[in-house]
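Hi,

Here is the structure I said I would pass on.

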Amino acid sequence: MAMADTALPATTGSRGMRLVAWMTVGATFAYVIENYLMFWQGWPGALSLFSGEFSILAVVLLAIYGAFLAAPALFVMRADRALRDDADVLRRVANFIIRAAFWMVLLIGIADTVVSFLRVEEMLAGFVGTETANAWNFNANRAPAVHLPLAGVAILIAAVTRGIGFHWLALLVVLSELLIVLSRFIFSYEQAFMGDLVRFWYGALFLFASAYTLFDDGHVRVDVLYSGFRDTLKGKVNAIGAILMGIIFCWVVIVMGMSGKSSLINAPLLSLEVTQTGFGMFVKYLMAGFLGVFAVSMMVAFCSQLLEGTADWRGDPGSRLHDRDDELPGH
């Protein structure tokens, strides 16, 4: 790397930037937890304490914020680690989030398609009973019974696997679209849930793969000057860009999408929104959640990039695109 001979030791003066990155991630997760407790469980917000409305639940939320900010600060102050080491940890956190989300949409997509097909063909009662079949006509019953358990299974799978098979999801999108074409023009058969599955998986592919693509520097870059920069200047551009163009953008998406019950992300999730077509899939509400997964995973990814860019800027040893075969798609 350029200027390696004059580089600072990897841990010298790095605590300030590490503190910014880790506390940003901590604040993000605390905000998501508060959002769930406020709008799903009916808790008062932490800010209600400052408006004269005392509540023990609001105190608990304030304590959650304190814990999620104090723990990263304590970790940074007690462990003088290299910037690239912390960036690698954040990369793994982001990859776990998108890996769990990938398995969720895969399992839920297949299961809900099967349920929707059996429902359309009036065969569902033969498999689950008339009472359950009638109950699953409403997402208030289907989502907890079908989607939620599969989400738990997806998290367990993500915890014991390392591959992120986005190329397989892309293949499944192609195959599901091919199935629509074949069934429509050869068998004159098409149902609403078939198109819903394509949109469901395509939306997941586009939003979940964004953070992973950022790590591999795979996004399209309109490059006029960047390729000619020295490594240290590239690092400076990436670090500053991660804050101004990345972290701030993610905060805007999170706050605007989760600021109230009628917000873009919260409203469909709270109402378990489904498509207007009578026999489509019941997963539209999850597609609103995709935006939340995108914003959180990208927040963590940009914090990782902030540390990597700062390390390049300082001329620290190592490379941003170091060996990561343990989490490459298909491995």
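**What I found, starting at helix 2**

S55 caps the N-terminal end of helix 2, with a side-chain oxygen 3.3 Å from the backbone nitrogen of L57. (A polar contact is a pair of N or O atoms within 3.5 Å; within protein, one must be able to donate a hydrogen and the other to accept it, and residues adjacent in sequence count only if both atoms are side-chain atoms.) Helices here are DSSP runs of H or I with at least four residues, numbered from the N terminus.

Before going on, a word on the source: this is a predicted model, where local features need pLDDT of at least 70, side-chain atom pairs count only at pLDDT 80 or more, and totals for chains, interfaces and linings use all residues. Residues are numbered from 1 along each chain as its sequence is written, and side-chain values use heavy atoms, with hydrogens and water left out.

Back to helix 2, which covers residues 56–78. Its 23 residues should span 33 Å at 1.5 Å a residue, and the end C-alpha atoms are 31 Å apart, which agrees. (The expected span is 1.5 Å times one less than the number of residues.) Which residues of helix 2 are buried? They are A58, L61, I64, Y65, P72 and V76, and they pack against helix 1 (15–39). Buried means under 20% relative accessible area, exposed over 50%, and partly exposed in between, with a 1.4 Å probe and protein chains only.

**Salt bridges**

How many salt bridges does the structure hold? There are 12, each one a side-chain nitrogen of Lys or Arg within 4 Å of a carboxyl oxygen of Asp or Glu.

- R142 and D112 meet at 3.2 Å, N to O. R142 lies in helix 6 (residues 139–160) and D112 in helix 3 (residues 83–120), so the pair ties together parts that are 30 residues apart in sequence. R142 counts as buried because its relative accessibility is 0%, and D112 is buried at 0% too.
- E273 and K284 also meet at 3.2 Å, N to O. This pair links distant parts of the chain, 11 residues apart: E273 is in the loop between helix 10 (266–271) and helix 11 (284–314), and K284 is in helix 11. E273 is partly exposed at 27% relative accessibility, and K284 is partly exposed with a relative accessible area of 32%.
- Salt bridges that share partners join R18, R81 and D86 into one network. Within it, the closest N and O atoms of R81 and D86 are 2.5 Å apart. R81 is partly exposed at 25% relative accessibility, whereas D86 is buried at 0%.

One of its members, V181, lies in helix 7 (residues 166–185) and is partly exposed at 35% relative accessibility.

Lastly, is A239 buried or exposed? At 3% relative accessibility, A239 is buried, and its place is in helix 9 (residues 231–258). A239 touches L306, G309, T310 and W313, leaving aside residues up to four places away in sequence; contact means heavy atoms within 4.5 Å. A239 and W313 are 74 residues apart in sequence, but 8.1 Å apart in space, C-alpha to C-alpha.

Cheers

Note on methods
Helices (H or I, at least four residues) and strands (E, at least two) are DSSP runs, numbered from the N terminus. The expected span of a helix is 1.5 Å times one less than its number of residues.
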